[in-house]
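The following exercises concern one protein structure. Please work through each task before reading its solution.

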Amino acid sequence: MSDPAIDAVLDPVLDPELDPDHQHGYLKSKDDYLKRLRRIEGQARGLQRMVEEDKYCIDILTQVSAMTKALHSVSVKLLEEHINHCVIGAARTDEQAGREKVAEAVDAIARLVRS
């Protein structure tokens with residue numbers, strides 16, 4: 001694998017920090033992501049309330065499952081946006097950059113699967 005610092009100097013278009021015009025793939029759906037994340041935040045507050053109010057453990061676990069599913073849904077959608085925007089864009093620019101973005105996506109998938 002190549003050195004990211006060298007790659008950034010050689011091709012600033014692939015480095016969002018060096019390219020002021022770079023836009024993340026999720027920006028088109030940013031409002032939707034924020035809406036979903038606020039809903040998840042509300043679920044987390046609801047879980048805290050349930051514990052404070054000594055609710056039945058199975059009911060709490062059911063809500064944990066719903067929140068986990070919601071986070072999973074956001075993760076999958078972000079991953080899809082990343083692949084369609086960042087990975088494909090990098091691959092069109094340079095084969096090695098594309099391979100590096102694929103490796104980055106695979107690492108992200110592995111982290112999601114472990115969580």
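**Exercise 1.** Determine whether aspartate 54 is buried or exposed, and state where its place is.

*Solution.* Begin with the accessible area: aspartate 54 has a relative accessible area of 68%. Buried means under 20% relative accessible area, exposed over 50%, and partly exposed in between, with a 1.4 Å probe and protein chains only. Aspartate 54 is therefore exposed. Next, locate the residue: aspartate 54 lies in the loop between H2 and H3. Finally, consider the backbone. Most residues other than glycine have a negative phi. Aspartate 54, although not a glycine, has a positive phi of about 55°.

The model is predicted: local features need pLDDT of at least 70, side-chain atom pairs count only at pLDDT 80 or more, and totals for chains, interfaces and linings use all residues. Residues are numbered from 1 along each chain as its sequence is written, and side-chain values use heavy atoms, with hydrogens and water left out.

**Exercise 2.** State how many helices and strands the protein has, and what share of its residues is buried.

*Solution.* Helices (H or I, at least four residues) and strands (E, at least two) are DSSP runs, numbered from the N terminus. The protein has four helices and zero strands, in the order α-α-α-α from the N terminus on. Of the 115 residues, 22% are buried.

**Exercise 3.** Describe how H2 packs against H3.

*Solution.* Two packed helices are described by the angle between their axes and the distance between the axes. Axes are lines fitted to C-alpha atoms, for helices over the stretch in contact, and angles run from 0 to 180 degrees between N-to-C directions. For H2 (residues 30-52) and H3, the angle is about 160° and the axes are 10 Å apart. Angles over 145 degrees count as roughly antiparallel, under 35 as roughly parallel, 65 to 115 as roughly perpendicular and the rest as oblique. H2 and H3 are therefore roughly antiparallel to each other. Their contact (heavy atoms within 4.5 Å) has 15 nonpolar, three polar and four charged residues. Here Ala, Val, Leu, Ile, Met, Phe, Trp, Tyr, Cys and Pro count as nonpolar, Asp, Glu, Lys and Arg as charged, and the others, Gly among them, as polar.

**Exercise 4.** Describe the relation of H3 to H4.

*Solution.* The axes of H3 (residues 57-93) and H4 (residues 95-114) come within 8 Å and cross at roughly 165°. This makes H3 roughly antiparallel to H4. Residues in contact include Leu79, Ile83 and Val87 in H3, and Val102, Ala105 and Ile109 in H4. By class, this contact has 11 nonpolar, three polar and three charged residues.
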